[in-house]
Amino acid sequence: YIDGKAYIDELGEKMLIGDGASVSLHFRDTDIGITSSADGKLDVDADLEVELTVSHADGVIDLNATTVDVSNDVKMSSDAAILHMGADDDIKVTHVADTGVLVTAGSSGTDAVQIQLRDSALNIGSSTDGQLDIDADVEVEITVSDAAGVVDINASEVRVSNDLKLDSDAAVLSMGADGEVVVTHVHDTGLEVKATNSATSSCLLYTSDAADEGLGVDLGGRR
């Protein structure tokens with residue numbers, strides 16, 4: 001003891017506290033301490049907070065273990081915080097302030113990347129810049145629970161590689177910028193075709209063949 005303070009100095013040699021027994025080194029009170037509760041286990045205990053600080057701007061705290069077990073939340077308190085994954089840090093999850101997270105792959109962050117669900121056949125990803133991929137080996141289901149809900153696809157073109165099926169009776173296919181041409185399913189009967197913005201709601205089915213240009217079938221009672 002010097003001036004009421006205790007100093008431990010082993011002059012650069014290793015110091016053994018206890019000899020096979022469970023012992024503790026406490027600070028302030030018994031709630032804060034370093035101990036070994038079992039052989040091969042080091043416990044760092046505090047009743048409020050354990051703070052690990054590296055003063056250098058580029059400092060690193062290296063946890064070299066096969067597993068890091070966190071019993072509750074993990075909080076990354078800085079904007080643009082990055083979670084690195086992989087032996088060569090090939091996958092990064094980056095915080096985007098007030099927006100969300102950015103998932104990137106590769107050293108430049110521009111490689112193809114995906115998030116997989118259940119197995120590799122179900123995934124959401126980006127195989128090339130500007131393209132979002134939603135892949136499934138059986139079905140992709142998009143559901144809006146509200147009865148009046150809408151799935152809005154805003155694109156210059158929608159391509160369907162095989163069949164397009166409208167599963168409900170009285171299903172409606174509307175066409176035009178203001179939806180003036182409407183094709184409605186009539187249960188067990190056929191289709192009702194209307195041009196809803198004309199005075200008589202009539203509609204023509206016509207061919208675009210050059211030889212028959214201007215010819216059509218009148219569906220509204222007039223030619």
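Predicted model: local features only at pLDDT ≥ 70, side-chain atom pairs only at ≥ 80, totals over all residues.
Searching the whole structure turns up four salt bridges.

The protein has 14 strands and zero helices. Read from the N terminus, the order of elements is β-β-β-β-β-β-β-β-β-β-β-β-β-β. Of the 223 residues in the protein, 9% are buried.

Now the salt bridges. As background, oppositely charged side chains can pair when their charged atoms come close.

Take Asp-43 and Lys-41. These two form a salt bridge, and their closest N and O atoms are 3.8 Å apart. Lys-41 has 46% relative accessibility, so Lys-41 counts as partly exposed.

Next, Lys-165 and Asp-167. This pair is also a salt bridge, with 3.8 Å between the closest N and O atoms. Here Lys-165 is exposed, and Asp-167 is exposed as well.

Then Lys-194 and Glu-192. Their side chains meet in a salt bridge at 3.9 Å, N to O. Lys-194 is at 35% relative accessibility and therefore counts as partly exposed. Glu-192 has a relative accessible area of 35%, so Glu-192 is partly exposed.

That brings me to an aspartate without such a partner, Asp-133. It sits in strand 9, which covers residues 133-135. Asp-133 is buried, yet has no salt bridge. What Asp-133 does have is a polar contact: its side chain is joined to the side chain of Gln-131 at 2.6 Å.

Asp-88, Asp-89, Asp-90 and Asp-111 form a negative surface patch. I will pick out Asp-89 from that group. It lies in the loop between strand 4, residues 82-85, and strand 5, residues 91-96. Is Asp-89 buried, partly exposed or exposed? Its relative accessibility is 35%, so Asp-89 counts as partly exposed. For membership of a patch, the cut-off is over 30% relative accessible area, with no salt bridge.

Asp-89 also has a backbone feature to look at. Its phi is near 55°, which is positive, and the residue is not glycine. For context, most residues other than glycine have a negative phi.

Where does Asp-188 lie? It is in the loop between strand 11, residues 181-186, and strand 12, residues 190-195. Asp-188 has a relative accessible area of 71%, and therefore is exposed.

Asp-43 is paired with Lys-41 in a salt bridge, and Asp-167 with Lys-165. Glu-192 is paired with Lys-194. Asp-89 belongs to the negative patch and has a positive phi.

Terms used
Residues numbered from 1 in each chain as written. Heavy atoms only, no water. Patch = residues over 30% accessible without salt bridge, like charges linked within 9 Å, V, L, I, M, F, W, Y side chains within 5 Å. Areas by Shrake-Rupley, 256 points an atom, 1.4 Å probe, with all protein chains shown as cover. Lys, Arg positive; Asp, Glu negative; His and termini not counted. Charge placed at Lys NZ, Arg CZ, Asp CG, Glu CD. Helix = DSSP H or I, 4+ residues; strand = E, 2+ residues; numbered from the N terminus. Buried < 20%, exposed > 50% of the residue type's maximum accessible area, 1.4 Å probe, protein only. Polar contact = N/O pair within 3.5 Å; in protein donor to acceptor, adjacent residues only side chain to side chain.
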